[in-house]
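Here are my notes on the model you sent over.

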Amino acid sequence: MLLIKNLNLKVLILFILSLMGFFVISFFSNLAYDDFNYKFIFDANGATNKRVESLSDIFYSQYHHYFVHSGRVLIHTIVQFFLMFDNKIWFDIANTLVFGLLQILILRSASISKSKINVTIYLLLILSLWFVIPGQNYCMFWLSGSVNYLWSVTLALLLFYFHGKSSSSSNISKLDILFYFFLGIILNATHEVLSIGISISFIFHLFVNWRKICGKTLAISCGAILSAIFTAISPANFKMAAAATSSPIHSIQSVMESNESHIFIALVATKIFIILLIIGFILFLQKRQLFFQLLRENHLYLIAMVISLIFAYMVNAFSQRAIFPASILALVILLTVARTYINLFRKTSVLLVLLIGAFFMLFEYRTVVDELVESQKSYQKIEHQMLKSDVRITVFEDFKIKKNRFVCYTGLGNQNRYWISNEGMSRLFDKPYIVFLPNVVVNELLRRDNLLFDNVHPKMVYFKQTRLILLECPTIFTSKIGRNSFVQYGENPNTTNHDMVRISSVGCCSTQFKTYLFFHVPPSFIFDKNYFIRLVFHPDFPNRSLEFKVI
């Protein structure tokens, strides 16, 4: 297999240990958000209430999925195949094997031969995947996310591998050309951002080397380009692009202020590109000949990486997930530099530094696994509750240990553990809807059976006994709600401030996707009436307010 045969025994042991460690995290990562939706068949209106039970259901679902969700037909076919089964162990095994293949392909793409793969180089690879690559939680362990990103970039590196081999054969048959054409179609039918970047790099390669291009290279390039076009022109993509461009997102500031792309996350997500730029700048100043040699050697990866980043920015997808594939390509280029300075990685001092890094990785790994096990127990408890009862209000678990990069709501992110009002989860458990409440609200409750709420949409929950109202509020206003904020309510929007009932004590609790206001109302409040509610952010600025109409 590409690199494993005759590999250094120590490296082989580390490789097997990495797969075992990866499997444990994958195994204890729960289903989340999109996973619940993909358990159901899609029709022209989106996810239905009918479970996917056969391959014909998947094919029917993906036909409609292309028009209503995205063009990633191959990727989501794989997702729905694994989600047909209630036990995700088969996915965990397959996901672990893909992770192993990714490691092999990264080393192969960096042209690091078996003789040059020592413990130091391998530790550099593993530590980079753990500490430097962004969005591991979304892209490597979450079922839907790992197929969309980990599997996609692995297929992409496989495509680059066959693209390189296509020019090395002199005897070409029609069957070879047909095989490479369909290989290009299949291996580039991945994430739009990535497949477009690869296609542009192949087009550049064809343009520069036109006189030397052989039939196989042309065939695999054309297949990849057609596949990218098919994926990108999905009607669903145009709808999402139109929705994204309806807001002012085409500026660095607005990208940094978007939900997943504020400055801190952007710096964390782009650190591997910053490292690459710094190393490139140093090489350009001190080793210019080597710089251009590495540039020529990695031009396909570099073009695909840059185009993917630009395209992700243009469609307002500049998140850790979207740039995960580009970061793997950046890692390939960095390992190419490491291969050039292979003697440096034979020094004991460098190995010692990497071993210290490995110690911190193992320490964090233990924390991650412990928290994932705890999270899975909580999830199973909630799942049992949802299946066996009519309760639609569920409590958040307390944060008993520090947050980490891999765990929280069902194993994703670093906010609350569970998705809020998840329609897919509601569908799976056959509930009208499910609302998860933070502990700060639940602590105000005396009895769960005193809940009253709107059966059309859970915009408001009223706890009758304690007269506590929980009201959904746009997340953008979270930072504006301070100690001096207060709530007023009345039956008429034109009611003056003097005539509206004022409630001075108002609280705010935020989750990953929603913000809730909560406040007590006097006995005169009648839940069945229509109320006009005004949130005033500061008494000195009455015009700065947020108004709700509660049905």
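The points below go from the whole chain down to single residues, and the model is a predicted one.

1. Overall make-up. The protein chain has 551 residues, and 53% of them count as buried. Its secondary structure comes to 22 helices and 13 strands. Looking at contacts with a separation of 6 or more, 71% are between residues 24 or more positions apart. The chain exposes about 26800 Å², with carbon and sulfur atoms supplying 63% of that area.

2. In soluble globular proteins, nonpolar side chains tend to be buried together. Here the largest nonpolar core has 94 residues, and Ile-106, Leu-157, Phe-160 and Ile-328 have the most contacts inside it. Helix 19 (residues 320-340) provides the largest share of this core, twelve residues.

3. Which residues make up the nonpolar surface patch of about 730 Å²? They are Leu-55, Phe-59, Phe-81, Phe-85, Trp-90, Ile-93 and Leu-97. Helix 3 (55-68) and helix 5 (89-109) are the elements giving two or more residues to the patch, and helix 5 gives the most, with three. Phe-81 belongs to helix 4 (residues 73-83). Phe-81 counts as partly exposed because its relative accessibility is 33%; the patch takes residues with over 30%.

4. Salt bridges, part one. Side chains of opposite charge can pair when their charged atoms come close. How many salt bridges does a search of the whole structure find? The search finds seven. One of the pairs is Arg-51 with Asp-86, whose closest N and O atoms are 3.3 Å apart. This pair links distant parts of the chain, with Arg-51 in strand 2 (residues 46-51) and Asp-86 in the loop between helix 4 and helix 5, 35 residues apart. Arg-51 is partly exposed at 21% relative accessibility, while Asp-86 is exposed at 69%. Lys-39 joins Arg-51 and Asp-86 in a network of salt bridges.

5. Salt bridges, part two. Lys-50 and Asp-57 also meet through their side chains, at 4.0 Å from N to O. Is Asp-57 buried or exposed? Asp-57 counts as buried because its relative accessibility is 13%, and the cut-off for buried is under 20%. Lys-50 is partly exposed, at 44%. The salt bridge between Lys-88 and Asp-92 comes in at 2.7 Å, N to O, and both Lys-88 and Asp-92 are buried.

6. Cysteines. The structure holds zero disulfides. Taking two cysteines as examples, Cys-139 is buried, with 0% relative accessibility, and Cys-222 is partly exposed, with a relative accessible area of 30%.

7. A positive phi. Most residues other than glycine have a negative phi. Ser-111 has a positive phi, near 55°. Where does Ser-111 sit? Its place is in the loop between helix 5 and helix 6 (119-132). Ser-111 counts as partly exposed because its relative accessibility is 42%.

8. Ile-185 lies in helix 10 (residues 174-187) and is partly exposed, at 26% relative accessibility. Beyond neighbours within four places in sequence, Ile-185 contacts Gly-223, Ala-224 and Ser-227. Ile-185 and Phe-230 are 45 residues apart in sequence, with 9.6 Å between their C-alpha atoms. Over in helix 11 (residues 192-208) you'll find Ser-195, which is buried at 0% relative accessibility. Ser-195 touches Asn-188, Thr-190 and Ala-228, again not counting residues up to four places away in sequence.

9. Helix 1. Leu-9 is in helix 1 (residues 9-28) and is exposed, with a relative accessible area of 59%. Leu-9 and Val-119 are 110 residues apart in sequence, and 9.7 Å apart in space from C-alpha to C-alpha.

Notes: Residues numbered from 1 in each chain as written. Predicted model: local features only at pLDDT ≥ 70, side-chain atom pairs only at ≥ 80, totals over all residues. Heavy atoms only, no water. Patch = residues over 30% accessible without salt bridge, like charges linked within 9 Å, V, L, I, M, F, W, Y side chains within 5 Å. Areas by Shrake-Rupley, 256 points an atom, 1.4 Å probe, with all protein chains shown as cover. Helix = DSSP H or I, 4+ residues; strand = E, 2+ residues; numbered from the N terminus. Buried < 20%, exposed > 50% of the residue type's maximum accessible area, 1.4 Å probe, protein only. Contact = heavy atoms within 4.5 Å. Core = buried A, V, L, I, M, F, W, Y, C linked by side-chain atoms within 4.5 Å. Disulfide = S-S within 2.5 Å.
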